[in-house]
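Subject: Structure handover

Hi,

Here is the structure you asked for. My notes follow below it.

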Amino acid sequence: MQKNTVSREFNKTAGTVVDVQCSKCKRVNKHLVLSSVDVSGENWFGENSLQYWSEYQVIMCQGCETTTFRSTSQNTEDWDFVDHETVEYNQTVNLYPSRSEGRNPLKDVYLLPPNVQRIYEETIKAINNDQPVLAGIGIRAIVETVCKDKNSPGSNLVQKINGLVFQGVLSPDGATILHKIRTLGNDSAHEVKPHKAEQLGLALDVCEHLFQDVYVLPYYAAKTFT
Ligand SMILES: [Zn+2]
């Protein structure tokens, strides 16, 4: 009979930097790992074993210096195919306090067209209430609605996102990220696969940048320079 094993390594990742949403800045910032414990082990069930590894980190935002806690976990039972031959272990990331709690809409939310505003506010509610499938679908709907509102050319969402670049409304870098959001919504709607809070938070950050470029800045520019 094999024995369960566990080992701990202290401060292996201390001094490294991770991209994490800040609880105070409300956006993704570089965070310095102040101290850490890496735990790895193997549990035996008869002839089969499960290996697992986790990180526990005290992290500090490099912008506002707020200190919070991040943990990650992976195990040999939770994986996806990357291609036909390679598998990748899924990583679960948890942040304390939870970053999605109390996420607020942009202060200029009233400058958005009413239908964009409605979907945006519902999507924030879905994120704040830990409903990742609905939040993923909501983010895709936001992108679709902005494309429609700006009469972006094209017959499908891929072409329409590229159309926003063609119209000069969106940067090519922004388009690359929106294409990722597009597939995010695809996964939520068609495979009912929940997305991680971190991914959803980042995706919503990108939507908010798009709102700034498409609706908010043009409004203030028109008000200031005429
Ligand atoms: Zn911060």
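How many residues of domain 1 are in contact with domain 2? The count is 4 residues of domain 1, against 5 residues of domain 2. Contact here means that the C-beta atoms, placed from the backbone, lie within 7 Å. The side of domain 1 that touches domain 2 has 2 nonpolar residues, 1 polar and 1 charged. (Nonpolar covers Ala, Val, Leu, Ile, Met, Phe, Trp, Tyr, Cys and Pro; charged covers Asp, Glu, Lys and Arg; the others, Gly among them, are polar.)

Two notes before you read on. This is a predicted model: local features need pLDDT of at least 70, side-chain atom pairs count only at pLDDT 80 or more, and totals for chains, interfaces and linings use all residues. Residues are numbered from 1 along each chain as its sequence is written.

Overall layout

Domain 1 spans 5–96 and domain 2 spans 109–225. These bounds come from an automatic or database domain assignment. The C-alpha centres of the two domains lie 29 Å apart. The C-alpha atoms fill a box of roughly 75 × 40 × 30 Å, taken along the principal axes. The protein has 5 helices and 8 strands. (Both are DSSP runs, numbered from the N terminus: H or I of at least four residues for helices, E of at least two for strands.) Along the sequence the pattern is β-β-β-β-β-β-β-β-α-α-α-α-α.

Strands

Pairing requires at least two DSSP bridges between two strands.

- E2 (residues 17–21) pairs antiparallel with E3 (residues 28–45) over 5 bridges. Val18 stands opposite His31 in E3. Their hairpin has 6 residues between the strands, and Lys26 in the turn has a positive phi of about 60°.
- E3 pairs antiparallel with E4 (residues 48–61) over 14 bridges. Asp38 stands opposite Glu55 in E4. Here 2 residues lie between the strands, and Gly46 in the turn has a positive phi of about 60°.
- E4 runs antiparallel to E5 (residues 67–75), joined by 9 bridges. Ser54 has Ser73 in E5 as its bridge partner. This hairpin has 5 residues between the strands, with Glu65 at a positive phi near 65°.

Helices

H2 (residues 132–149) packs on H3 (residues 157–166) at about 60°, with the axes 10 Å apart. H2 contributes Val143, Glu144 and Cys147; H3 contributes Leu157, Lys160, Ile161, Gly163 and Leu164. That contact divides into 5 nonpolar, 1 polar and 2 charged residues.

Best wishes

Key:
Contact = placed C-beta atoms within 7 Å. Axes fitted to C-alpha atoms, helices over the stretch in contact; angles between N-to-C directions.
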